Structures are given as structure tokens and as C-alpha cells.
Amino acid sequence: MDRYPTVAEVTESARLLVSRFPGSARLRRIGASRAGRPILMLSVGHGPRHVLVVAGPHPDEPVGGATALALAERVARGDRLSAATDPALVTWDIVLCLDPDGAALSSNSGSTLKSYYRTAFRPVAAEQPEWAPIVSHPLPESRALFQLIDGLRPFLQCSLHSTDVGGSWVQLTRDLPELAEPFRTSADELGIPLQYGTYDALYWENPSPAVYVLPPPDSTGRLAAGSENIGLSTWCAPLRYGGVTAIVEVPMWATDLAADTTPYPAADHALRELAELVLDGGRQVTAVLDKARGFLPPAQGDPLRRVLEWMADGLYDMVADSWKPLARQAAAATHPDDPRHLTTAQVSALNIVARRQPIRAAGLLLRLLEAAEDPAAPRLHRELDELCTAWCTDFERALGVRWVPVRDQVEHQTRTVLAAAESALKTLRRPR
């Protein structure tokens with residue numbers, strides 16, 4: 001496996017798997033996207049307990065489809081690696097792609113950061129099925145997933161995510177202590193660094209390396225910017241039935257800085273520089289956007305343009321502002337062992353975010369400029385392409401990134417999901 005399968009390829013592979021294991025596997029439609037694309041679920045096993053796996057929640061995070069097929073194959077073969085893969089005990093329900101509309105706009109091709117950002121698409125928060133209920137209202141895709149959770153009452157939901165650059169980490173709605181060791185062992189065997197600090201979970205509990213536990217749904221004290229209503233997300237829905245959700249992240253490009261826990265010198269100064277980096281990059285992309293607005297398709301009818309306007313309308317500022325408390329905390333640290341010190345891993349996680357946001361915007365705008373017929377479009381495209389190339393080159397150099405083979409991404413995510421299922425199942429079997 002040297003590339004990510006498309007949604008069509010995942011669907012065809014799922015159909016073939018059903019034909020190979022007709023007594024164990026079945027495929028059904030659980031809903032439709034906003035554009036009418038089918039949302040399909042592959043179920044394997046007939047056990048009374050359910051694991052719900054969600055692939056494709058973000059279209060620019062492409063590993064989930066391949067992992068979904070790997071999980072289904074292992075369970076269908078009846079390897080019985082653990083009680084969690086016993087088809088008589090557990091049914092595995094695998095949503096093949098939660099956001100097929102977004103996937104249609106994101107090919108995730110290329111072996112360099114620049115080629116990836118030039119083909120990837122990530123919708124605005126209000127159009128992300130897992131996140132939309134937090135910031136506005138559920139989408140048809142969100143409602144299909146909520147209905148599935150209410151019907152299946154899974155003891156575990158696994159959301160398959162990936163990150164462009166960094167290490168691997170897991171976010172949980174409740175701690176699963178027995179997950180820590182197999183998760184760490186898998187990463188070590190495959191040469192994937194763990195993410196000791198992540199922008200997504202800056203203020204969350206961290207019971208074991210690269211494992212983070214979401215605050216309770218009604219908490220407001222340990223949340224990252226933009227996640228104040230996280231209890232409304234699809235992640236938290238299984239809590240109603242005693243279930244737990246694991247969001248499993250694996251990197252496309254790894255950096256060893258993600259696992260460096262040494263104190264970062266002058267972290268407060270570094271955070272101020274990173275805040276300026278994201279703001280300056282955002283200003284430069286927005287300046288090109290300003291020159292092109294007159295001939296680009298309107299945001300209402302074009303999802304790429306909609307993301308660009310959303311980012312220009314305060315996203316860069318929100319990201320930079322969210323780091324101010326951390327900068328003050330780091331500035332107040334008085335000695336090397338002070339827990340307020342930030343580590344190299346934590347600063348590198350913010351470094352990734354600071355570089356990622358303007359490059360994402362540049363990639364989208366370059367696609368719009370390529371399709372534009374206005375005489376000014378080629379000149380603006382050249383201007384922005386030079387910026388994007390320089391930013392990506394500097395990104396790769398500053399973080400020392402290396403490509404993680406797709407097969408290793410899939411294997412690590414698959415192992416982690418299986419370990420989470422076994423850990424969650426054991427908590428159900430323990431006497432209370």
C-alpha cells in the first residue's frame with residue numbers, strides 16, 4: 001500500500017469483502033450527505049455489543065478509509081486476536097466515509113507538503129459533521145451519526161483522524177488505562193513519534209504519554225479556543241449509554257520534535273514569534289484574496305471560497321490569541337523544574353499550527369486562481385505559488401519532517417483501535 005484509497009475504492013473493497021464473507025459482513029446505507037451522496041456502513045460480526053468506527057470525518061485526513069478496511073478484514077477473517085474481535089461477542093460497525101461531499105473536493109495526493117496542501121480540502125467548522133453541532137446545528141451527516149449511536153449504543157466509538165505533521169496521539173472521552181502500553185509499543189515498533197503536546201488538547205488531562213482526556217461535557221475550564229460546547233459533538237454522544245470515544249490521530253509526516261519533552265528555552269518569546277508567524281501568513285494570503293475577490297466565485301456557492309473567507313474573518317487572530325495564556329504561563333516559570341515551563345514538543349505543536357493555517361489557505365486560493373479566467377489570475381497565482389513554495393520548504397526544514405509510509409499509518413491506527421476496543425470491553429466485564 002503506497003497511497004490512500006479513494007472513497008470509491010473503499011466502497012468497492014467493502015462490497016468485495018461482503019461477497020467474500022457473506023455470513024459475517026454486510027453493507028448498508030445509513031444516510032445521505034447534503035449533496036445526496038450515500039453514507040455507507042460496513043458491519044462485521046453478530047455480537048450483542050457494538051464498536052462504532054467512523055472514517056472520513058475530515059476530508060483532508062485520508063488514512064481512515066484504509067484503516068476501516070483493515071479493521072473489517074481482521075474481524076471478518078475471524079483471527080480472534082482478542083475478545084473484542086470475536087464476531088460472536090462484538091459487532092464492528094464501520095462508517096466508510098462520514099463526509100463524502102468534502103472527500104469529493106480533497107484528493108490528498110502528492111508526497112510533499114506543497115502537493116498535499118494543493119489538493120486537500122477542509123470545510124469550515126460549521127460544515128464538519130462531528131463539529132457542526134458545537135458551532136451551529138447538526139448537518140444531515142451529523143444526524144445520521146447521532147441516530148446510529150442512539151440505535152447501536154456502542155461501548156466504544158473510534159473516530160479515525162490523521163494530522164499532516166507531528167506525531168501520534170489519542171483523545172478520549174474517558175480514560176482507558178490499558179490502552180497506553182499497546183499504543184506506545186505500536187508507535188515504537190513502526191518508528192512513529194508520540195505527540196507529547198498538541199494544540200487540540202492543550203488544557204486537557206494527560207494520564208499517559210500522548211493520551212488526552214476531554215473535559216466533562218459541561219466543563220469550561222480546560223477547553224481550547226472554539227470548543228466551549230464540545231459536549232454537543234458526536235464524540236460525546238456515546239457517554240449517554242456508558243460508552244467511550246477514542247479519536248485516533250496518526251501523522252502523514254512525522255517530526256521527532258513532537259516527542260521532545262525537554263524544556264523549551266524562552267518559550268514565551270517563541271510563542272509571540274509563532275503568533276506573528278500565523279498572523280503575517282494570514283495577512284499575505286488575504287492580501288492576494290483581496291485582489292481576486294472581484295472575479296472569484298461567491299462564497300455562498302463555493303466551499304473553497306467559503307473556507308478562505310472564514311479564515312480571513314478572524315481565524316488567524318483566534319489561533320494567535322489562544323496562545324497568550326500559555327505565553328504568560330511560560331514567562332512566569334522561575335526554575336527548570338517549574339511545571340509552567342513549556343516543552344519542545346508543546347512549542348513544536350504550536351509551530352505546526354502556525355505554519356499550517358496560512359498554507360492551507362494558500363492551497364485553496366491557488367486552486368481557485370487556476371480555475372479563474374480573469375487576466376489578473378495568472379499573475380496572482382505566480383505570486384502566491386512562490387509564497388506557498390517558500391513556506392512549505394521552510395516548514396519541512398524547521399520541523400525536520402519525514403514521510404510515514406501509508407501502510408505504517410494504517411497499521412498503527414488499526415492496532416490502536418483494536419487495543420482501545422479490548423480495553424473498553426474489559427471495563428464492561430469487570431464486576432462493579
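1. The model is predicted, so local features need pLDDT of at least 70 and side-chain atom pairs count only at pLDDT 80 or more, while totals for chains, interfaces and linings use all residues. Residues are numbered from 1 along each chain as its sequence is written, and side-chain values use heavy atoms, with hydrogens and water left out.

2. Helix 11 (residues 344–371) packs on helix 12 (residues 377–399) at an angle of about 155°, the axes being 9 Å apart. Helices (H or I, at least four residues) and strands (E, at least two) are DSSP runs, numbered from the N terminus. Axes are lines fitted to C-alpha atoms, for helices over the stretch in contact, and angles run from 0 to 180 degrees between N-to-C directions. The angle makes the two helices roughly antiparallel (over 145 degrees; under 35 is roughly parallel, 65 to 115 roughly perpendicular, the rest oblique).

3. The crossing of helix 11 and helix 12 is left-handed, meaning that the near helix is turned anticlockwise from the far one by less than a right angle. Residues in the contact (heavy atoms within 4.5 Å) include Ile-352, Ile-359 and Leu-366 of helix 11 and Leu-384, Trp-391 and Phe-395 of helix 12. Arg-355 and Arg-356 of helix 11 and Asp-385 and Asp-394 of helix 12 are also among them. By class there are 16 nonpolar, three polar and five charged residues (nonpolar: Ala, Val, Leu, Ile, Met, Phe, Trp, Tyr, Cys and Pro; charged: Asp, Glu, Lys and Arg; polar: the others, Gly among them).

4. Strand 3 (residues 49–54) has five of its six residues buried. Buried means under 20% relative accessible area, exposed over 50%, and partly exposed in between (1.4 Å probe, protein chains only).

5. Strand 3 pairs in the parallel sense with strand 4 (residues 90–95) over six bridges, and Arg-49 has Val-90 as its bridge partner there. Strand 3 also pairs in the parallel sense with strand 5 (residues 156–166), over four bridges; here Val-54 stands opposite Ser-159. Pairing requires that DSSP finds at least two bridges between two strands.

6. Two residues other than glycine have a positive phi: Arg-153, near 50°, and Ala-210, near 65°. Arg-153 sits in the loop between helix 6 (140–152) and strand 5 and is exposed, with a relative accessible area of 53%. Ala-210 sits in the loop between strand 7 (205–208) and strand 8 (211–213); Ala-210 is buried, at 1% relative accessible area.
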